[in-house]
Number of protein chains: 2
Amino acid sequence: MSDTPIRLLKGTLDVLILRTLGWGPAHGYAISRWIRQSSDDDLQIEEGALYPALRRLEEKGWVASRWETSESGRDARVYDLTDVGRRAMRLEVAAWQRYVAVFARVLDARPRGSIA
Amino acid sequence: MSDTPIRLLKGTLDVLILRTLGWGPAHGYAISRWIRQSSDDDLQIEEGALYPALRRLEEKGWVASRWETSESGRDARVYDLTDVGRRAMRLEVAAWQRYVAVFARVLDARPRGSIA
DNA sequence: CGTCATACATAAGTGTCTTATGTATACGCG
DNA sequence: CGCGTATACATAAGACACTTATGTATGACG
């Protein structure tokens, strides 16, 4: 949409990945592509952020991975939400929405008189 | 509101400070208090985050500071938006809202079939 | 006169991002 | 057949902005 891709705020990538995997198993490249496409090219996930993030999620037990070979013969590591991960996804999405709501409260708040 | 204060996402503090100073000059402690109060105690700004952030904003030329002594005799460093800072505030608020909108697009997007 | 709220400051540690670099395969095209 | 592009993964180095911990100091209140 915009001319320049938006810079990711640190700590906000995991929920995007989790939500994406909520639609079904996918490999890293496909996750990245889905986020880019569904954001209308506003979000470009760098590989240097994506793969470490997938590792972290796997270490937390929220996703599981396995190597697969597609019909075309290409190898790819396919990620899938675990049961814990699916619950975490819902919690993380809710946490993000809470964050947004809290910010809206502060940004919209109007003081009576001086705040100092 | 919640039992535990929300953890700040990195990179999201500046816009809160700028918006707060948009209501008028204030010293650090008052900025922190205003953010806490207007967020209904959800956001607690740590001093280790606040003062470095104010320094950054001053180095960018978005805020200016001066030492003042209140009627009670206490010294405090009072911050105020510069003209550039006031424009930056509007841009930063808009950038945050854009970020939220982009995230909503991704989180709400529904694939047709598999994304992989 | 002790404790709490106010007020500022900085160092050390942490985590997650960007940038840069490397490897390797499939596919279309001329 | 050779070449560029898209696909696919991985990691190191660096930057940056938080948290945690610590320190100093004053005013107000009981």
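Tutor: Start with DNA strand C. It has 28 residues around it, and the closest are A:Leu13, A:Gly48, A:Gly73, B:His27 and B:Gly28. A residue is near a strand if its C-beta atom, placed from the backbone, lies within 6 Å of it. This is a predicted model: local features need pLDDT of at least 70, side-chain atom pairs count only at pLDDT 80 or more, and totals for chains, interfaces and linings use all residues. Residues are numbered from 1 along each chain as its sequence is written, while chains are lettered from A and ligands numbered from 1 in the order in which they are written.

Now the elements near strand C. α3 (47–59) of chain A supplies at least two residues of this surface, and so do α2 (28–38), α3 (47–59) and β3 (75–81) of chain B. Helices (H or I, at least four residues) and strands (E, at least two) are DSSP runs, numbered from the N terminus. α3(A) gives the most, with five residues. By class, the surface near DNA strand C has nine nonpolar, nine polar and ten charged residues. Ala, Val, Leu, Ile, Met, Phe, Trp, Tyr, Cys and Pro count as nonpolar, Asp, Glu, Lys and Arg as charged, and the others, Gly among them, as polar.

Turn to DNA strand D. Of the 28 residues around it, A:His27, A:Gly28, A:Gly48, B:Gly48 and B:Ala49 come nearest. Here α2 (28–38), α3 and β3 (75–81) of chain A and α1 and α3 of chain B each supply at least two residues. α3(B) has the largest share, five residues. The classes near DNA strand D are nine nonpolar, nine polar and ten charged.

Next, the two chains. Their contact takes 35 residues from chain B and 35 residues from chain A. Two residues are in contact if their C-beta atoms, placed from the backbone, lie within 7 Å. On the chain B side, α1, β1 (26–27), α2 and α4 each supply at least two residues.

Last, look inside chain B. B:Asp14, B:Val15, B:Leu18 and B:Arg19 in α1(B) meet residues of α4(B), including B:Ala88, B:Met89 and B:Trp96.
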